[in-house]
Every structure is written in C-alpha cells, then in structure tokens.
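The paragraphs below walk through one structure, from a single residue to the confidence of the whole. Please keep the sequence and the coordinates open while reading.

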Amino acid sequence: MQCLGRAVVKYWALLPSQIALATPEILRSGRSSYWALSAVITTSSTAACGAFSTSAANSTSSQTSDASTSSQDESACAALYFTGTAPATDILGPFSLQSIPGKGRGLVAQRELRPGELVMAVQPIAVLHGPQDSMPSPDSLLDWLEATWQSMPPHHRAALRQMFVGRPTASTASDSQRPTDQPTASSPPASSAAVGGSSGGDSTSGLDFRAVVSYNAYGDEYEDLPAADLRGGPPPQSHVGLWPYFSNINHACAPNCVHYVVGSTMVVRAVQQVVHEGSELLISYLGRDDLAPRQVRQAVLQSRYGFRCGCARCRTEEDLPEELQSLLQQLYDRSRHELAPRFERLASAASAAAEGLDGGAGALYGENDEDDEDDEAAAAVDGSITGGGGAAAAAATEVAVKVTTPGLTAAELAKRALRKASSSSSSPPPTLGSQLASLEPRLEECARQLHLAVQELQEEDEATEDDDPRVGAASTATTASATSAATAPSSGRQPLTRVQVAQAAAYQLLELLHLHAELTAAAAAASGGGGGAIGGRARAAAAGALQACWHVLDAISRGSELQVFQACKLLNDALQDSGYSGGSGSGGGGKGGGKGGAAPPPPPPEAVREAASLLGQSLLARYGPLRGPQLSRMTQAAIRTSRGFF
Ligand SMILES: C[S@@+](CC[C@H](N)C(=O)[O-])C[C@H]1O[C@@H](n2cnc3c(N)ncnc32)[C@H](O)[C@@H]1O
C-alpha cells in the first residue's frame, strides 16, 4: 500500500496518475545517486516471514505476545526511540492473518488491545532512504526487486509472494505458503493497466513486481521526527520500502492503529481505548486526506487502491442528510480552493506587515527556545499523566515554521511567511488587520454554516443518544469564539458520532479558524502594543479552535503526528498565555512562582493542565506507555520537533 502519509499531498500530487510507477521521467529521477547509495536492503527480517506465511495459511499466527513478553517488546521499542537501535528480531503482537469479507486478507486482534499497545515493530525487506522531504521514487524498489530477485533470501521471496497484487496470480495457486483464502479480486486501480501490465511482471518469479510495489510500498517524506530527534546523529530521512506483515493491514478512514517509521523499523500501535479481541486491525492509507469529506476519500482510495471503503466513518457520513453532505463538500472546497489560497496571499502580504509585528510575532511564534523550557513543559505532561499534578512549567517554547511544501496548510504557509518576514524584512508597516478583515466575511459565513449544521446534528443526536462531552467541546469551538471549550479528556474511542464525522470533513476550515484567530491576535499586538482585549479574545478563540482540531483528530486519527504536534502547540500557547513558570523555570519569568526556597511550586493553571493532559494522551497512543524520564524526554523531543511544524 502506498500509505504515503504526509507525502501523499506532496509527492503523489505531482504524478499524472495516482499510481506510483507512473512515468519514465519519474523512474529516471528516482535513480539519482544518493538514493542508490543510501539504499538499505535489509536482511534482518528473518525466517519469521516464512513462519508467518505458514501460520497465515492456517489463519492463525504463532507470533503472539503475552503480558510477559510485552515489557521486553516495550524495552526494545524504547531502545529504538531513544538510541535508534532496531529490535533484534521482528516484534509481532497478538494478531492473526485472516480472511476478511470483501477485503481479501487482514490482521485480526487475538486478544483485547489497550491504547498505545504495540502491534508490531518490523524490519523491511527493502527500504530506500533519501534526504528529508525528498522521498525516493517507489520505482527504485521495482528496480531493486528486478535486480535482486534471483539472489534474494528464500524467506524474502516468500514474503513478497504473499503480498497483495490486486488479484489472485497464477503463481499463487501453486504456492503452498499462500493462504488459501485469497483476496476476492477487488476492482483494480483505474490505472492498473499501467501498473500491472506485462512489463511489470517477471518471467522468472511470475510475480507482478509493479503491482507488489503499487499496492504494498509505503513511503513518507520523513520518519518519526521526535524519535529521530532523540536518536541524534543523522537528520531524519525520507523513505520508501516494503514491510511484510505491515502490508497485510487494511484501511479504515478512522483507524484503530497508528503507524510510523523509525530508522528502517515500521512501528504499529493500537490507539483506541479498547481494540476488542476479534476486531480487525486497521490503519489509514490516506495521510492528510483523512481530513476530507467522504467523496474525496473514496475517490483517492478507489483510484489508488481499487476499493470502495465501507468503514464505520464512511457509513456514518453516507447516512448524513444529503444537504449536509453537500454542505460539507462545499465547505471543504471553499476552505481548500478559495480560503486557503487567500490565506496564502495574506501570508505574502503579511511579510510586509510582520516588520511591525515583532511583539505579536514574538508572542505568537516565540523568541525563546531554551531547553529548560522544554523540560518544564515535559514535566507538566509527565505530571498530568502520572497524576502528580504539581509539575513545573514555564514560558512558551519557540514555535518556528516548517519549510514550505505543497502539502502544507495555509496556516503553516502563513506562519512561515510571517516568521520569515519578522526576522528579515524591512518592508512597510502592517496592514494585516485590514487584510484579515477582507477574509473575515467568507470565513465567518463558512464557520456559521458549519456551526449551525453541527448544532442541528447535535440536537438530533442528543435526543437519541448519550452525551459525548468531546462533541460539545469541538462543536463549540467551531465558532472560533470558544474561549472555554470543554476539554474533558477523551476516555477513548467511542463509536464515531455524526458530529465528529461532519467536523472531520471540515477539518481544514477549523484550522483556518485557528489561523485567523492567531493572526488577529498578532495584528492586535502590532497595533495596540500587546493586543489588549481584542488580542486576548483572539488568543482565546485560537485556543478553542485548536482544541477543536485536537478533538477531531482524536476521533479520526488518534496518535497521529498531527495530533501530537497540535497538542504541543496547545501546551506552548497555554504556557505562554498564562506566563506560568511553575516556580522552577528559568526562561519564563512568569507570574507563577519564584525560584529558590523549599516552597512547592504553584499548581499549573487549568489551561496548562488541560493542554498537558491532551499531549499526554496523544503521546501515549503514539509511543506507548513511557514513564518518568523516558516520557519526559519524548515530550521534550515532541515539543522541539513540533516547532518545525507550525
Ligand atoms: C496492502 S493490501 C492489504 C492486504 C490485502 N487485503 C490482502 O489481501 O493482502 C491493500 C489492498 O487491500 C484491500 N483493502 C484494504 N483495505 C480495504 C478496505 N477497507 N475495504 C476493501 N478492501 C480493502 C484493497 O484491495 C487494497 O488495494
């Protein structure tokens, strides 16, 4: 599967078809020397591949873990996160390969899984690395398969033969390692002729290498950033590769597992409150398209992977009133094609304005990145998770801006431009306020329509269902004036509500509302020397909108990098807004407490505790049950790396 994560909006958007193996030009460009040089063809995915094949044939897996092995597995994963040392052998959790009606095969939990529990940490058959933001072409994998098939270890050949190729192949029938329950042929991707044509097959192997790569390769512009940061040494890398076991996982638009690469290791963890025994383990193939309406997601899945998704989110969305579905599509189109470009233009204009925004930009984007501030934010998270509560926290950490790419949201682009301008421009003073004003009517109209639609849904649902406090929080915040949106910690994934599903389709609008509020605060700071009441309201609205984003992500893609980073931003902002220094911080100079003496630090303000709690939940889902110093280090790394994201 080309679950291309962030890359999906960058790399794949460039391709004429959505299929990996598109053009000779791409193929050639994929052979640039650094990719070839950095190719890592692993041999560490040992006989387990064969063992899995055999057990898969019987629809049972022998690679189950129990409680006694899981702490070893977690130690191995901690070594991966903190030193970059890959587990000595593949870690395979309690799942089995089974036939799934309508999907071919898939992985099924053999016992209940808790949030953050490790599902697998596996090595690839082959992975190509490239510099960050420059993912190697999947065509390089095709080259490699063709070149090395003959000399490949038998267990790798067996694993490759197991991979999905869109339809049963001639070799499958006679391959005793294949499960007998072959996938029912899903309709192949629209351009599969180009992918699976005769040129893609190999006469010796009988395998359609193009189809193997098209359906099973996974790539991203960069690996897990906090883990790369903790590991130190070489900078994060992009990658594209083939991971057995992982490639058996089917898709859902609100999955119960999260996945990411550290070095060459693919890590998968369960993220729902409870994944029940017998539930199918599911990831998202969509990357950022997760946060789009059903029609958009369906089109992507159909064209890239040749199937029509019937997951719970899709079904819920399909059952929404037709007018609401078309409203969501309209809001998505307007956010993406009309408002986001205007925000981008505003960002350019803000380059001039930013000269006058030093105070505001400083408040927004931070000027202080001392490590001990990260420590304090980390301690706040640690305290919130362990229930210690009294952790120190200080001033906000710097929130810098990521290098622009086509995949960045308008918010990211705008902040980047502001940031750049604030450090270098000598342009005339701001007109940011008036430019924002020109955007407001359309944005507000969209927000109003969404708010009304969500409110209506909520009222209908409240009449028939139990309240879900998260729904209220997210819904209120869509007004962009939710100064105190409820932030009840989510107690886990409950069945998706219609409200959550509708909000997920409008996620980009929620991000724009957040950006708008942030820019308003910046403009107020620029013109009023600190922002005053308008700036205060705007910052509160920004926090409300960001909380709404976090809650939507919690329903749709818990444990995703985006959710972790949004939580980091919330915590940074809460620390900065409150000026809390916890009594031990050196960098904040806040009102929270002095240094020295034995007096216990004052408790963090409510907003800081709430943000720390949200970050703790996201980290738990993504990295598992880290404790004490490890949790603290991971939190610092997440905060550090999130700066590059905003
Ligand atoms: C990488 S394979 C996943 C394993 C595959 N199901 C198998 O039998 O080996 C990707 C393919 O699985 C199928 N698939 C994945 N998720 C699906 C879903 N939610 N509904 C239907 N088919 C799905 C599609 O055919 C897709 O192209």
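Ala611 has its place in helix H24, which spans residues 606–623; helices (H or I, at least four residues) and strands (E, at least two) are DSSP runs, numbered from the N terminus. This is a predicted model, in which local features need pLDDT of at least 70 and side-chain atom pairs count only at pLDDT 80 or more, while totals for chains, interfaces and linings use all residues. Residue numbers start from 1 along each chain as its sequence is written.

Is Ala611 buried or exposed? Ala611 counts as buried because it has 32 C-beta neighbours inside 10 Å. The cut-offs are 20 or more other C-beta atoms within 10 Å for buried, 12 or fewer for exposed, and partly exposed in between, with C-beta atoms placed from the backbone. Apart from neighbours within four places in sequence, Ala611 is in contact with Ala567, Leu570, Leu571 and Ala574; contact requires C-beta atoms, placed from the backbone, to lie within 7 Å. Asn256 is 355 residues from Ala611 along the chain, and their C-alpha atoms are separated by 23 Å.

Next comes the sheet. Four strands form an open sheet in the order E1-E4-E10-E9, with antiparallel pairing; two strands pair if DSSP finds at least two bridges between them. Strands E1 (91–92) and E9 (257–262) stand at the edges with a single partner strand each, so one side of each has no neighbour in the sheet. E9 pairs with E10 (residues 265–270) in the antiparallel sense over 6 bridges. Val258 stands opposite Arg269 in E10.

Around the ligand there are 21 residues, the closest being Gly104, Phe164, Asn250, Tyr305 and Phe307; a residue is near a molecule if its C-beta atom, placed from the backbone, lies within 6 Å of it. Strand E3 (104–109), helix H10 (209–216) and strand E8 (250–251) each supply at least two residues of this shell, and E3 gives the most, with 3 residues. The shell divides into 9 nonpolar, 10 polar and 2 charged residues.

Finally, confidence. The mean pLDDT (the predictor's confidence in each residue, from 0 to 100) is 72 for the chain, and 62% of its residues reach 70 or more. Where pLDDT is low, the predicted coordinates should not be read in detail. The model scores ipTM 1.00 and pTM 0.76.

Conventions
Nonpolar A, V, L, I, M, F, W, Y, C, P; charged D, E, K, R; others polar. Contact = placed C-beta atoms within 7 Å.
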